[in-house]
Amino acid sequence: AGGKKEILGIEYANSIKPTVTINGEEYTVQLVTADNASDAAKAPTAAQTLISQGVSVVIGTYGSGCAIAAGDLFKDAQIPAIGTSCTNPQVTLDNDYYFRVSYIDPFQGAVMANFANKEKGSVNCALIIESGDDYSAGFGNYFQKEMERLGGKATVLEFQKGETDFSTIMANIKSKGYDGIFAPVSIETAPLIINQAREAGVECQIMAGDTWDDISIAERAGANANGVFFSAFFDASDTSNEAGVEFNKGILEWIAADATRTENNGGAADAISSVTPCGYDAYMAAYNAILAAQSTDGEAIRDALASLEVKGLVTGDLKFDENGDAIKNYVAIKTFQDGKIVFSAAYTG
């Protein structure tokens with residue numbers, strides 16, 4: 001679901017910038033899609049599909065585990081990749097062909113730990129993570145370290161991929177009196193955790209990360225989702241962000257004009273997830289790098305990305321550090337309220 005929403009941002013950007021001029025000749029930008037099914041085991045095959053088709057630059061993927069699994073293949077093929085919302089530091093580590101437009105988990109984890117501890121009074125938090133998932137474990141680790149630095153505690157409670165019964169975890173949380181839940185897990189798992197927590201009588205604050213910025217969670221969890229907080233890359237209600245306001249208006253009209261786009265947006269035509277502007281900004285980064293390189297050669301585009309600066313993108317001005325990570329200092333904190341996503345606070349640092 002999250003990957004489809006990122007693709008909407010990429011396709012919308014392509015509709016605005018469908019051609020690029022290189023050395024005086026105009027070329028049409030062709031989008032080639034390979035589906036890794038959000039499965040790290042399938043990510044290398046999807047990467048090889050793109051490489052075999054001779055792409056100049058890769059955008060994506062949704063999910064840190066999939067990005068990490070495919071990264072070396074792009075590096076070996078000398079094809080630059082631009083991550084969208086994959087936040088684990090290992091995505092770009094020791095890979096000078098992988099970049100990303102989102103913030104990373106050490107920053108996001110610290111922000112959410114401070115929010116949990118200082119704003120919500122959690123000093124003994126249950127940290128629910130999916131075993132073997134790079135995003136879940138990595139994000140959770142940074143949250144845990146910051147909680148401990150603040151004098152609190154975050155105890156890891158693991159579940160297996162595909163697990164849907166969290167009754168044992170909820171019984172544990174209730175019996176041990178944890179005063180908060182932090183769950184950096186997938187969109188699909190989120191409503192299960194929310195509903196089963198409340199059904200088990202667990203009343204403490206529930207919090208999560210960027211993956212929960214999705215209206216389908218509120219729809220599936222109903223009133224139980226009210227007051228759940230999570231981090232996000234973008235907030236559509238921030239009127240000080242002129243690029244964001246313009247983007248939000250334009251893409252909602254574009255999504256509403258097509259039934260398939262609306263379906264890929266989770267059936268909604270009046271709200272977007274913040275991974276959608278990440279897809280948009282990643283396309284614009286690729287586009288501007290091709291312009292700067294005046295070439296479709298992967299190595300030339302990689303070099304252009306390394307020194308690229310783009311002002312006024314949806315999630316902020318874009319410049320990459322020496323690791324290929326976007327230099328970001330903004331995290332939006334949002335909450336579910338009566339079936340809607342509502343802005344709560346912004347953290348910068």
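Modeller: Axes are lines fitted to C-alpha atoms, for helices over the stretch in contact, and angles run from 0 to 180 degrees between N-to-C directions. On that basis helix 2 and helix 3 pack at an angle of about 35°, with 8 Å between their axes. This is a predicted model, in which local features need pLDDT of at least 70 and side-chain atom pairs count only at pLDDT 80 or more, while totals for chains, interfaces and linings use all residues. Residues are numbered from 1 along each chain as its sequence is written, and side-chain values use heavy atoms, with hydrogens and water left out.

Biologist: How do you know whether the span of helix 3 agrees with its number of residues?

Modeller: Helices are DSSP runs of H or I with at least four residues, strands are runs of E with at least two, and both are numbered from the N terminus. The expected span is 1.5 Å times one less than the number of residues. For the 14 residues of helix 3 (residues 64-77) that gives 20 Å, and the end C-alpha atoms are 20 Å apart, so the two agree.

Biologist: Where is helix 3 kinked, and what follows the helix?

Modeller: The kink is about 40° and is centred on Ala70. The bend at a residue is the angle between axes fitted to the seven residues ending there and the seven starting there. After helix 3 comes Gln78, with a positive phi near 55°.

Biologist: What makes Gly2 count as buried, and which residues is Gly2 in contact with?

Modeller: Buried means under 20% relative accessible area, exposed over 50% and partly exposed in between (1.4 Å probe, protein chains only). Gly2 has 3% relative accessibility, so it counts as buried. Gly2 is found in helix 1 (residues 2-16). Leaving aside neighbours within four places in sequence, Gly2 is in contact with Tyr62, Ile187 and Val275.

Biologist: Which residues of helix 3 are buried, and what covers them?

Modeller: They are Ser64, Gly65, Cys66, Ala67, Ala70, Gly71 and Phe74. The cover includes helix 2 (43-52), strand 3 (58-59), strand 4 (81-83), strand 5 (98-100) and helix 5 (134-149).

Biologist: What makes strand 3 and strand 5 edge strands?

Modeller: Two strands pair if DSSP finds at least two bridges between them. Strands 3-4-5 form an open sheet in that order, with parallel pairing. Strand 3 and strand 5 each have a single partner strand, so one side of each has no neighbour in the sheet. Strand 3 and strand 4 pair over two bridges, and Ile59 has Ile82 of strand 4 as its bridge partner. Helix 11 (residues 275-293) packs on this sheet, touching strand 3 and strand 4, and its direction makes about 155° with that of strand 4.

Biologist: How many bridges join strand 8 to strand 9, and how is strand 9 covered?

Modeller: Three bridges join strand 8 (residues 180-182) to strand 9 (residues 205-208), and the strands run parallel. In strand 9, Ile206 is the bridge partner of Ile181 and Met207 that of Phe182. Both faces of strand 9 are covered, with Gln205 and Met207 buried on one side and Ile206 and Ala208 on the other.

Terms used. Contact means heavy atoms within 4.5 Å.
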